[in-house]
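Hi,

Here is the structure I promised to pass on to you. Have a look at it first, and then read my notes below.

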Amino acid sequence: MGLFGGGYNKPGKGVDKNAPKKKGFFLYWDILIQKFVKFLQLNSLYSVVSIIWIVLLYFFATVALSGHMSAMSEMVTGAQIDATTNENLISAMVFGLCAMFAVGVFMLWGSGPASASFSYIVRCFTRGEHAWIVSDGRDKFKENFKQGIIVTIIDAVILVFGTNALYFYYSAYITYGNMVWMILCYIAFLLIFVYTMIHPYLYQIMVTFECSIGQLYKNAVLLTLANLPINFLLTLIEALLVFLSFMIFSPAIAILFTLILGPCIMRFPGEFYAARVIERSIIKDMKQKNPPVQITYLEEDEV
């Protein structure tokens with residue numbers, strides 16, 4: 001049956017109780033290697049289910065770039081090439097930039113209910129628990145559909161206002177030459193970067209606890225800031241991997257690479273770390289009957 005034949009509903013291999021317990025870096029690589037085929041299945045399903053969101057991100061990027069077509073045309077025209085080649089180069093540049101933006105946002109921010117399913121399966125892998133990729137993923141998609149859609153809407157609003165703020169502040173700096181505008185641009189970029197860092201925690205908390213949207217974001221921010229150095233590093237590495245994929249490969253190959261291999265190579269590190277942080281901090285406190293936040297653990301019988 002090949003790679004995907006009859007394997008979607010097979011539970012992942014658990015952890016041998018007698019095997020030495022691995023931690024941190026070694027556990028991460030152990031999971032990635034042992035579950036690699038499962039990850040390929042999970043990645044493919046995740047990307048297919050998220051295709052509408054990815055396409056919407058692509059069109060958003062196309063609209064955002066439409067105002068810069070003249071500048072791109074002038075840059076390409078400077079190479080002194082014929083009009084047809086000029087037009088083809090501009091089209092290729094626009095496609096590559098828009099595709100990189102769409103895939104990058106999808107990889108860094110996720111895609112609502114589909115990301116909840118992905119995060120749940122990753123959490124099971126991280127804990128050494130069995131997980132049915134299709135049935136468990138479908139259940140988590142349904143259970144977290146409402147909150148997942150709300151998170152996606154908030155992402156869309158942040159995306160629109162954030163990109164416009166960056167463009168406005170930078171344009172004002174170019175026009176007026178006042179450093180205040182550049183400082184505001186840096187602040188806006190920093191806030192967007194912090195917002196990017198909280199996403200692994202958003203979805204890990206979503207599939208692990210029962211809480212409101214306000215509590216979801218509050219606790220995601222607190223956990224992100226409490227582990228800021230490693231979260232910053234993981235997010236930066238993920239963004240660089242997306243960028244390098246489009247720099248090394250053609251846009252079409254880069255899209256296939258990031259959608260099929262990307263989630264386990266680029267998104268899994270952040271999800272893995274977030275799941276570990278939550279397990280050893282919030283859940284540990286709840287076991288000790290001293291929860292730091294007013295949320296309900298969804299699997300209290302197992303605590």
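Predicted model: local features only at pLDDT ≥ 70, side-chain atom pairs only at ≥ 80, totals over all residues.

**What I found**

Residues are numbered from 1 along each chain as its sequence is written, and side-chain values use heavy atoms, with hydrogens and water left out.

Back to Val122, which is found in helix 6. Helices (H or I, at least four residues) and strands (E, at least two) are DSSP runs, numbered from the N terminus. Not counting residues up to four places away in sequence, Val122 touches Phe39, Leu42, Gln204, Phe268, Glu271 and Phe272. A contact means heavy atoms within 4.5 Å.

**The whole protein**

The protein has 15 helices and two strands. Of its 303 residues, 43% count as buried. If you take the contacts with a separation of 6 or more, residues 24 or more positions apart account for 78% of them. The protein exposes about 16200 Å², and carbon and sulfur atoms supply 69% of that; these areas come from the Shrake-Rupley method with a 1.4 Å probe, and for residues only the protein chains shown count as cover.

Now find helix 10, residues 199-208. It is largely enclosed by the rest of the structure, because 10 of its 10 residues are buried. Among them are His199, Tyr203 and Thr208.

Two packed helices are described by the angle between their axes and the distance between the axes. The axes of helix 6 (residues 113-127) and helix 10 come within 9 Å and cross at roughly 80 degrees. That makes helix 6 roughly perpendicular to helix 10. On this scale, under 35 degrees is roughly parallel, over 145 roughly antiparallel, 65 to 115 roughly perpendicular, and the rest oblique. The axes are lines fitted to C-alpha atoms, for helices over the stretch in contact, and angles run from 0 to 180 degrees between N-to-C directions. On the helix 6 side the contact includes Ser115, Val122 and Arg127, and on the helix 10 side it includes Tyr203, Gln204 and Val207.

**The nonpolar core**

Which residues touch the most other members of the largest nonpolar core? They are Phe39, Leu42, Tyr201, Ile205 and Phe268, in a core of 59 residues. A nonpolar core is a set of buried Ala, Val, Leu, Ile, Met, Phe, Trp, Tyr and Cys residues joined through side-chain atoms within 4.5 Å. Helix 5 (residues 83-109) gives the largest share of this core, nine residues. Leaving aside neighbours within four places in sequence, Ile205 is in contact with Cys211, Leu216, Asn219, Ala220, Leu223 and Ile278.

Pro269 sits in helix 14 (residues 262-280) and is buried, with a relative accessible area of 16%. Leaving aside neighbours within four places in sequence, Pro269 is in contact with Tyr28, Leu234 and Cys264.

Is Val55 buried or partly exposed? Val55 is partly exposed, with a relative accessible area of 37%, and its place is in helix 3 (residues 51-66). Val55 and Ala102 are 47 residues apart in sequence and 7.4 Å apart in space, C-alpha to C-alpha.

Cheers

Note on methods
Buried < 20%, exposed > 50% of the residue type's maximum accessible area, 1.4 Å probe, protein only.
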